[in-house]
Structure formats: structure tokens, C-alpha cells
Amino acid sequence: MTDISPVRGTLYLWHDRWMLLGHLPANRVHRHVSASLLLGLDGTFELEVNSSRHLTRAALVAPDVPQALNPGQTTMLVAQLDPDSDAWRRLAGSLAGSLAGRASMDLPLAEEQAWALAHSADCRSLSANLAQYLAATGGPPLPLDARIADICHHLRATLPERLDAAALAERAGISASRLTHLFREQTGVTLRRFLLYLKITRAMARWQPGMTLSTLAAEAGFYDQPHLVRTARDMFDALPSAYIGTGEFRICRCSEAD
């Protein structure tokens with residue numbers, strides 16, 4: 001008799017973002033470029049941030065902060081919020097007095113909110129329920145410099161193989177050194193890591209069972225397979241195949257309308 005592992009949950013994939021819902025494996029310390037929204041939908045979980053551990057029901061971890069998650073048996077929703085996104089900047093803005101200077105912050109999570117998220121049937125309902133949670137929890141967004149917002153949009157649209165800081169600085173109308181400083185100040189991450197994050201997110205969206213890592217690396221804009229592997233380990237403590245290729249997670253590919 002073939003041993004069939006139980007399905008842990010669902011990986012929701014958009015072309016530029018993803019969310020995990022279900023019973024997740026513990027992971028080791030890694031650094032997302034995005035902010036991490038971590039919600040225990042039916043209990044608490046252990047979160048390690050900058051080598052400090054605590055139990056919580058809901059937490060927000062700032063961009064590019066070392067973290068590790070041990071969910072135990074708790075049903076989790078993990079959503080990655082880009083450092084220039086309205087969602088992250090609204091949560092950070094509403095918690096600015098508490099989050100300023102800190103790597104993470106515990107959040108409120110009402111039982112009805114948790115129930116709605118846990119019982120989201122598809123991409124559209126999950127997006128809608130998460131949007132309701134963010135609207136109830138967040139506030140006015142932290143301002144984002146228009147030049148930095150434009151650079152983020154440009155990098156998403158072009159996904160260059162190499163970062164050309166001089167060309168980006170010319171686009172922004174400032175010096176390369178000023179752009180580098182301002183980008184880190186506004187987003188919490190470097191230009192280089194932001195571009196790598198965009199590429200690894202595209203790799204997640206393009207992964208198909210049976211695809212070689214070399215092919216995936218080329219399609220996602222990495223130099224080679226080792227470059228993809230190093231980036232995935234650093235940012236997620238796992239390769240895309242750990243969630244997509246094992247059969248432990250259902251894959252829900254979402255459209256922009258969802």
C-alpha cells in the first residue's frame with residue numbers, strides 16, 4: 001500500500017505574491033525582504049525574531065529581519081507584504097508608536113476574523129478576508145517617497161538581470177549614493193535584495209512539477225542555479241519545490257482579479 005502524506009494546506013500563488021494557509025513545517029532562521037504577517041488561526045505559535053523567542057497569536061515582522069517560525073499544530077496564515085506595499089505601510093503606520101525601532105510587533109486577532117480567514121474557499125475569498133483584517137487593524141499608511149515608489153514599480157516591470165544603480169539614480173533624478181541611502185531608509189531593504197526578492201517571487205509563481213532548477217533560474221532571471229538556491233535558502237529557508245513539488249500543499253494559482 002502506498003503511504004500518502006496528508007495535505008498540509010494550500011499555497012496561493014499570484015504572479016507577484018503568495019500566501020500559505022494550513023499546517024506549516026517549522027523553519028530555521030531566514031530573512032524575508034518582505035514584511036511577514038503571521039496569523040495563528042486556531043491557536044498560538046512560537047516566533048523567533050533576532051534570536052528572541054515568544055508565543056503569540058498574531059505578529060508582524062518588519063522587512064529584512066532574521067526570523068524563524070515554529071507553528072506546532074496551529075493552523076497558520078502566512079502572508080508576505082512587500083516593503084513598498086500599501087498593506088505593510090498601513091500596518092506599520094498604525095503601529096508606528098510601538099513598532100518604531102523594533103523588529104516585530106504582536107497584533108490583535110479576533111475569533112471571527114480568524115474563522116473567516118481559516119475558512120476562505122478560494123483566492124478571491126482569502127484576498128477579501130485578508131483585506132478586511134488589514135482594514136480593521138491598519139491605519140493611515142506611512143508615506144513613501146514618490147521617487148522610491150517609481151523605482152519599485154520600474155524594477156517589477158523590467159526585472160533586470162543586473163542592478164544598474166547609476167541608471168536608476170538618473171531615473172530618480174538623484175545621485176546613486178543618495179538613491180541607495182533613500183531606498184534603504186524608505187523600505188528597510190537594499191536595492192539589490194529587493195530585486196532578488198522580486199526574482200524569487202517570480203520563481204515561486206513559475207515553478208511547475210518536473211521543472212529543473214536550472215530552467216527555473218533562467219526563467220526567473222537568476223545568474224545560475226546556485227544563485228537561485230542561495231537566494232531561496234536565505235529568504236525562505238526552502239526551495240520552491242519544498243512547497244510545490246512534494247504534494248503536501250495544494251496549489252491555487254490566482255489571477256489579478258482575485
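Two residues are in contact when they have heavy atoms within 4.5 Å of each other. I start my notebook with that rule, and here is its first use.

**Entry on Leu142**

I looked up Leu142 and found that, leaving out residues up to four places away in sequence, Leu142 touches Arg89, Ala92 and Gly93. Leu142 sits in the loop between H4 and helix H5 (146-158). Helices (H or I, at least four residues) and strands (E, at least two) are DSSP runs, numbered from the N terminus.

**A note on the model**

I am reading a predicted model, in which local features need pLDDT of at least 70 and side-chain atom pairs count only at pLDDT 80 or more, while totals for chains, interfaces and linings use all residues. Residues are numbered from 1 along each chain as its sequence is written, and side-chain values use heavy atoms, with hydrogens and water left out.

**Entry on H3 and H4**

Two packed helices are described by the angle between their axes and the distance between the axes. For helix H3 (residues 111-118) and helix H4 (residues 123-137), I noted an angle of about 160° and axes 9 Å apart. Axes are lines fitted to C-alpha atoms, for helices over the stretch in contact, and angles run from 0 to 180 degrees between N-to-C directions. H3 and H4 are therefore roughly antiparallel, a term for angles over 145 degrees. On the H3 side, Gln113, Ala116 and Leu117 make the contact, and H4 brings Leu126, Asn129, Leu130, Tyr133 and Ala136.

**Entry on the sheet**

Next I followed an open sheet of seven strands, in the order E10-E7-E4-E9-E2-E1-E11, with mixed pairing. Two strands pair if DSSP finds at least two bridges between them. Which strands are at the edges? They are strand E10 (104-106) and strand E11 (249-253), each pairing on one side only. The twist averages 15° from one strand to the next.

Key. Angles under 35 degrees count as roughly parallel, over 145 as roughly antiparallel, 65 to 115 as roughly perpendicular and the rest as oblique.
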